[in-house]
Amino acid sequence: MTLLNAINFDIDNFLNTIWSWITTEGIKVIIGAILLFIVCKVTNLIVRRFDKRLTKKNVDTTLRVVLLPWLGRIIKIVALCAYIGYLGFETSSISAAIASVGVTIGLALQGSLSNLAGGIVILVTRPFRIGDKITVSDETGVVENITIMYTYIVTADNLVVCIPNSQVTGNKLSNFNTKPNLRQELMFTISYGNDYKAAKELCLNCATADERVLGDPAPSCRLVEHGAHGLVLSLKVWTDFDNYWGVRNDLMEKITDELMEGGYEIPFNQLDIHMRNDG
């Protein structure tokens with residue numbers, strides 16, 4: 001009986017302790033959790049409405065996609081720190097612990113830090129935007145998304161290529177959307193025995209016949225090289241961005257067909273061997 005009384009007494013003390021905690025600190029924890037939940041929901045609502053307003057005002061898509069999510073995260077982190085302080089924990093010690101952990105992680109992830117720095121540089125300088133067609137790290141595609149660590153582009157094969165931001169900022173980058181009109185150069189080689197002036201006229205006629213080729217600046221065709229196997233002609237035309245690749249491919253096919261039908265010889269790599277009999 002003595003053991004049972006002791007057990008009952010301990011259970012009563014335990015229940016009384018829990019009830020006391022619930023009526024004091026427990027209420028504080030629940031109220032803080034509810035307030036934290038409300039802050040997070042309100043933050044999401046504000047970010048969404050802010051995004052819609054910026055969209056209506058035609059604000060740069062890159063800034064909206066990258067900065068607004070981070071704005072929401074920062075507000076939630078501040079609210080979480082306030083909640084921890086409300087519960088009575090020392091936020092200064094927590095901040096010191098987070099800082100030390102951050103230093104440790106930073107030393108272990110130096111490459112990631114360079115990507116982070118690259119992401120900040122992209123956001124500040126904005127060499128390209130979401131929707132632009134770029135070439136970087138030997139990859140060409142349309143920018144689908146920009147995060148603080150990586151840039152995502154979609155290639156012509158519909159492949160999503162993830163490029164670290166450190167490579168984007170550290171390598172040569174070409175942006176096809178910066179200027180409305182683009183110049184392209186097509187090279188054609190004909191035999192030394194052909195009339196290069198007539199071939200130049202043929203190339204120019206094909207270029208001017210294409211309505212997608214701009215008249216100002218006008219197309220030009222020049223003899224640019226005496227190659228190892230023939231005369232090299234350079235045709236330069238201007239087009240807008242939307243017609244860039246279509247014009248290039250169509251002109252390449254059309255001029256090649258015209259040259260072959262006109263009797264022009266398109267040379268290929270060959271080696272002539274001359275036998276000499278000294279006997």
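**View 1. The whole chain, to get your bearings.** Of the 279 residues in the chain, 26% are buried. What you're looking at is a predicted model. Count up its secondary structure and you get seven helices and eight strands. The chain's accessible surface is about 18,800 Å², and carbon and sulfur atoms account for 60% of that. Take the contacts between residues at least 6 apart in sequence: 63% of them join residues at least 24 apart.

**View 2. Here's an open sheet of three strands, in the order E6-E8-E7.** The pairing is antiparallel. Going from one strand to the next, the twist averages 25°.

**View 3. Now zoom in on where E7 meets E8.** Strand E8 covers residues 231-240, and six bridges link E8 to E7 in the antiparallel sense. For a landmark, find Glu225: the residue standing opposite, in E8, is Val232.

**View 4. Next comes helix H6, packed on the sheet.** This helix spans residues 196-209 and touches E6, E7 and E8. Compare the direction of H6 with that of E8 and you'll find an angle of about 15°.

**View 5. Last up is helix H7, lying across E6 and E8.** H7 takes in residues 244-261. Against E6, H7 runs at about 20°.

Terms used: Residues are numbered from 1 along each chain as its sequence is written. This is a predicted model: local features need pLDDT of at least 70, side-chain atom pairs count only at pLDDT 80 or more; totals for chains, interfaces and linings use all residues. Side-chain values use heavy atoms; hydrogens and water are left out. Two strands pair if DSSP finds at least two bridges between them. Helices (H or I, at least four residues) and strands (E, at least two) are DSSP runs, numbered from the N terminus. Axes are lines fitted to C-alpha atoms, for helices over the stretch in contact, and angles run from 0 to 180 degrees between N-to-C directions. Contact means heavy atoms within 4.5 Å. Buried means under 20% relative accessible area, exposed over 50%, partly exposed in between (1.4 Å probe, protein chains only). Accessible areas come from the Shrake-Rupley method with a 1.4 Å probe; for residues, only the protein chains shown count as cover.
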